[in-house]
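Here is a walk through one protein chain, from its overall dimensions down to single side-chain pairs. Keep the structure open and follow along.

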Amino acid sequence: MNYEDYAVVMKGIVKRFPSVLANDNVDLFVKKGEIHAVVGENGAGKTTLMNQLYGLLKPDKGEIYISGKKVDIKGPKDAIANGIGMVHQHFMLVDNLTVAENVVLGSETAKSGFLFDLNEAKKTVKEISEKYGLLVDVDAKIEDIPVGMQQRVEILKTLYRGAEILIFDEPTAVLTPQETEELFEVMRRLKKAGKTMIFISHKLNEVMEISDNITVMRLGRVTANLKTSETNEVEIARAMVGREVVLRVEKPPHKPKEVIFEIEDLWVKDNRGLDAVKGVSLKVRAGEIVGIAGVAGNGQTELVEAITGLRKVEKGRVTFLGQDVTGYDPRKLRDMRVAHIPEDRLKHGLIVQYPAYYNLILGQQWWFPYSSRGFLNHKVIFETANKLFEEYDIRPRNIYMFGSNYSGGNQQKIIVAREINAKPKFMVVAQPTRGLDVGAIEFIHKTLIKMRGQDVAILLISMELEEIFSLSDRILVMYEGEIMGEVRPEETTVEEVGLMMAGKKLEEVRA
């Protein structure tokens, strides 16, 4: 076969880890100038494959060809030299440096051999940003710009280093719908300029919208090579999971009971000391899912942190089971059976240096039977961990592996399993399916509906409007720390909710 027509060919790639065969004789063919999607379940081996292309891992077996030429990629430096750039899911940026400083970091060019000319670098970064429509203030500090802009900086970093092939690893996992559309516009411009892109994603609607061809992986192997224009979401999902997948959640009618959780006139400040939550009031009943929709950065994070004991309440009252719990710490709330699935799994959900079995009892380690008289009962902990691994299909099936060694989706499954296993009466669920594949999303959605059927009260915060509409019994929309209105999913539209997300009150939208 002539490999010269292909930007990337990975042939017979094998990668083993101590407990898992991550890539089992994988072939990947990416044509020049196309957007090629690589999809698969969590732990299917997608990121492992891309990490080998970028030099972060070395294949145990197999060959890599770039534009028809066989290459030996020993590290990221070799990948960059071969015109490969990678936009990571978790951004590799230094918060207190400017955009320009982050872009050139590690590849500074010195003027007169000694002094780095930042002005010259800024000029180059500005030219690249304008050429590809990646408009961003080169003098702004990373900590002061939104997530969508930070991702543009990551893309600029690869282009500054001369990338012709760009790997996007779950690029929309942290983006709002508007930011996702902006990213796709950037990708189309890059394609028009002749760049080749590999797009790793779990979101099948996005894969259908942006890609030209699709490689599907399952359990470390390629299960399908599909042309996007000749396939559909159902076929992709089947190839990913190996069975038919319900892409829309079925929510049976359920009558909510008494109020379990309530907040009244809640005010919360952000890290800068500014009001992030402004007079929010809401109630959640037993057997009800209340969804909060909104673009990221409109107070949802501060609201969640305040009601789970992670942030100070400035004013207002939080009530759980009729008891005033304002200012209670997370341990006290957890002991009362308040569960929390956090939006940032690495910051608030896991201790990645701990093995999975400890992560599965975090926050419950002082409960019987996990501990007795101050000593952990490891036999019970191991039994519980193995049971949850089976029940929640966490891969690989190794409870002794550190949290850092699981894929993002399997890390999320560990958190969901732990929180639901605690038998909560009230759950705060923030971005529960971020970065998950269709099979895992289906499982978590069904689990939340099941919890609703068992009269658990659930407050759901999600940037995925489809998720909010599918799961919620009532929807509240937040904008700049305030509630713009409350609607029922069957009595509203995405457009109506979108207008409230942009700052219009419900009465204005319906006027």
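A compact globule of 511 residues would have a radius of gyration near 24 Å. The protein chain has 24 Å, so it agrees with that expectation. This is a predicted model. Along the principal axes, the C-alpha atoms fill a box of roughly 70 × 50 × 50 Å. Of the 511 residues, 54% count as buried. The accessible surface comes to about 22900 Å². Carbon and sulfur atoms account for 50% of that surface.

Next, the fold. The chain has 18 helices and 24 strands. Take the contacts between residues at least 6 apart in sequence: 65% of them join residues at least 24 apart.

Start at the strands β1 and β2. Strand β1 covers residues 6-17, and strand β2 covers residues 20-31. A hairpin of two residues joins β1 to β2. The two strands run antiparallel, and eight bridges join them. Y6 stands opposite K31 in β2.

Now move to β21, residues 426-430. How many of its residues are buried? Five of the five are, so the strand is largely enclosed by the rest of the structure. The cut-off for buried is under 20% relative accessible area. Look at which way the side chains point. F426, V428 and A430 point one way from β21. M427 and V429 point the other way. Both sets are buried.

Which strands pair with β21? One is β18, residues 338-341, which runs parallel to β21 and is joined to it by four bridges. Here I341 has V429 of β21 as its bridge partner. Another is β22, residues 457-461, which pairs with β21 in the parallel sense over five bridges. V428 has L459 of β22 as its bridge partner.

Turn to the charged side chains. A search of the whole structure finds 36 salt bridges. Three of them are picked out here, including one between E63 and K70. Their side chains meet at 3.2 Å, N to O. E63 has 30% relative accessibility, so it counts as partly exposed. K70 has 52%, so it counts as exposed.

E181 and R188 also meet in a salt bridge, at 3.5 Å, N to O. E181 is partly exposed, with a relative accessible area of 36%. R188 is partly exposed too, at 31%. This pair belongs to a network of salt bridges that links E181, E185, R188 and E209.

What does E288 form with R474? The two form a salt bridge, with the closest N and O atoms 2.7 Å apart. E288 lies in the loop between β14 (275-285) and β15 (289-293), while R474 lies in strand β23, residues 474-479. The pair therefore ties together parts that are 186 residues apart in sequence. Are these two residues buried or exposed? E288 counts as buried, at 2% relative accessibility. R474 is buried as well, with a relative accessible area of 7%.

To review, return to two places in the model. At β21, find the parallel partners β18 and β22. Then find E288 and R474, a buried glutamate and a buried arginine joined by a salt bridge.

Key. Residues are numbered from 1 along each chain as its sequence is written. This is a predicted model: local features need pLDDT of at least 70, side-chain atom pairs count only at pLDDT 80 or more; totals for chains, interfaces and linings use all residues. Side-chain values use heavy atoms; hydrogens and water are left out. Buried means under 20% relative accessible area, exposed over 50%, partly exposed in between (1.4 Å probe, protein chains only). Two strands pair if DSSP finds at least two bridges between them. A salt bridge is a side-chain nitrogen of Lys or Arg within 4 Å of a carboxyl oxygen of Asp or Glu. The radius of gyration is taken over C-alpha atoms; the globule rule is 2.2 Å times the number of residues to the power 0.38. Contact means heavy atoms within 4.5 Å. Accessible areas come from the Shrake-Rupley method with a 1.4 Å probe; for residues, only the protein chains shown count as cover.
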